[in-house]
Amino acid sequence: MHALSRFPGRWRLLLTLGVATLTAPASSVEPFAEAEVKAAFLYNFVHFVRWPDVARKPGDPFRFCVLDDTLAPLLSKAVQGENVDNHSLTVTRQIELRNLAECQILYVGDAVWPVHHELLRRATALRILTVSDIPSFTEKGGMIALIRKRGRIHPVINMDAIARADLRVSAKLLNLATVVGDDKGGAE
């Protein structure tokens, strides 16, 4: 049994509390798996990132588009029955250029990155938050990289890419992250 299923409320607080650790103290329950921590970050980005008001119509779902076979089922289970601002949360795994505009968050896993590099370019123009576990993701014009740093998953945020998409990131998330810029004016 995953820690995620045994402690549904606890993992959602990981980002809020700043304890996205992959190991647990001796007196604690089993440590979180790396994919569980990444799923917790993705779930919480809904609460710490603001999209322009024109991004969604009332009743439209808030869609996580996830290109990662390990992360997608974990996130799907976590968002089941959840909503934010009267928008149900859903996870989509089949993302193509033609349906990309339906996404609010696009997660591209390391294994599928070379195939989906074009999605990153389009996502910024569509005001979609782009996230990946690729260490050089922010250097390639991505918005948030979830990297391993001293036994934790640590967000690296490219504020230039965030600004190009007209998104706003909460100070709470910025305080937890490493903030970088790319000074490019556009994704590679």
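This is a predicted model: local features need pLDDT of at least 70, side-chain atom pairs count only at pLDDT 80 or more; totals for chains, interfaces and linings use all residues.
Here, buried means under 20% relative accessible area, exposed means over 50%, and partly exposed is in between (1.4 Å probe, protein chains only). Residues are numbered from 1 along each chain as its sequence is written, and side-chain values use heavy atoms, with hydrogens and water left out.

View 1. The chain exposes about 9,200 Å², and carbon and sulfur atoms supply 51% of that; the areas come from the Shrake-Rupley method with a 1.4 Å probe, and for residues only the protein chains shown count as cover.

**View 2. Eight strands line up in an open sheet with mixed pairing.** Reading across, the order is E3-E4-E2-E5-E6-E7-E8-E10. Two strands pair if DSSP finds at least two bridges between them. The edges are strand E3 (83-84) and strand E10 (178-180), each of which pairs on one side only. Helix H5 (residues 71-79) packs on the sheet, where it touches E2, E4 and strand E5 (105-108). The direction of H5 makes about 160° with that of E4; axes are lines fitted to C-alpha atoms, for helices over the stretch in contact, and angles run from 0 to 180 degrees between N-to-C directions.

**View 3. Strand E2 sits between E4 and E5 in the sheet order.** E2 (residues 62-67) pairs with E4 (residues 87-92) in the parallel sense over 4 bridges, and E2 also pairs with E5 in the parallel sense over 4 bridges. To find your way around, look for Cys65 and its bridge partner Thr92 in E4, then Phe64 and its bridge partner Ile105 in E5. In a regular strand the side chains alternate between the two faces of the sheet. Here Phe62, Phe64 and Val66 point one way from E2, while Arg63, Cys65 and Leu67 point the other way. Since 6 of the 6 residues of E2 are buried, the strand is largely enclosed by the rest of the structure.

**View 4. Phe64 belongs to the largest nonpolar core, a set of 37 residues.** A nonpolar core is a set of buried Ala, Val, Leu, Ile, Met, Phe, Trp, Tyr and Cys residues joined through side-chain atoms within 4.5 Å. Leu42, Phe45, Phe64, Ile105, Leu129 and Val131 touch the most other members. Among the elements giving two or more residues are helix H4 (34-48), strand E6 (129-132) and helix H7 (159-164). H4 gives the largest share, 9 residues. Leaving aside residues up to four places away in sequence, Phe64 touches a list including Leu42, Tyr43, Leu75, Leu89 and Ile105. There is a second, separate core of 10 residues, with Cys65, Leu67, Val108 and Leu119 among them.

**View 5. Cys65 and Cys103 form a disulfide.** A disulfide is a pair of cysteine sulfur atoms within 2.5 Å, and these two are 1.9 Å apart. A search of the whole structure finds 1 disulfide. The link is left-handed, with -90° about the S-S bond. Cys65 lies in strand E2 and Cys103 in the loop between E4 and E5, so the pair ties together parts that are 38 residues apart in sequence. Both ends are tucked away: Cys65 is buried at 1% relative accessible area, and Cys103 is buried at 4%.

**View 6. Arg127 and Asp166 are the loop residues to look at here.** Most residues other than glycine have a negative phi. Arg127 has a positive phi, near 65°, and sits in the loop between helix H6 (117-125) and E6. Asp166 has a positive phi near 60° and lies in the loop between H7 and strand E9 (168-169). Arg127 is partly exposed, with a relative accessible area of 31%, and Asp166 is partly exposed at 30%.

Definitions and conventions. Contact means heavy atoms within 4.5 Å.
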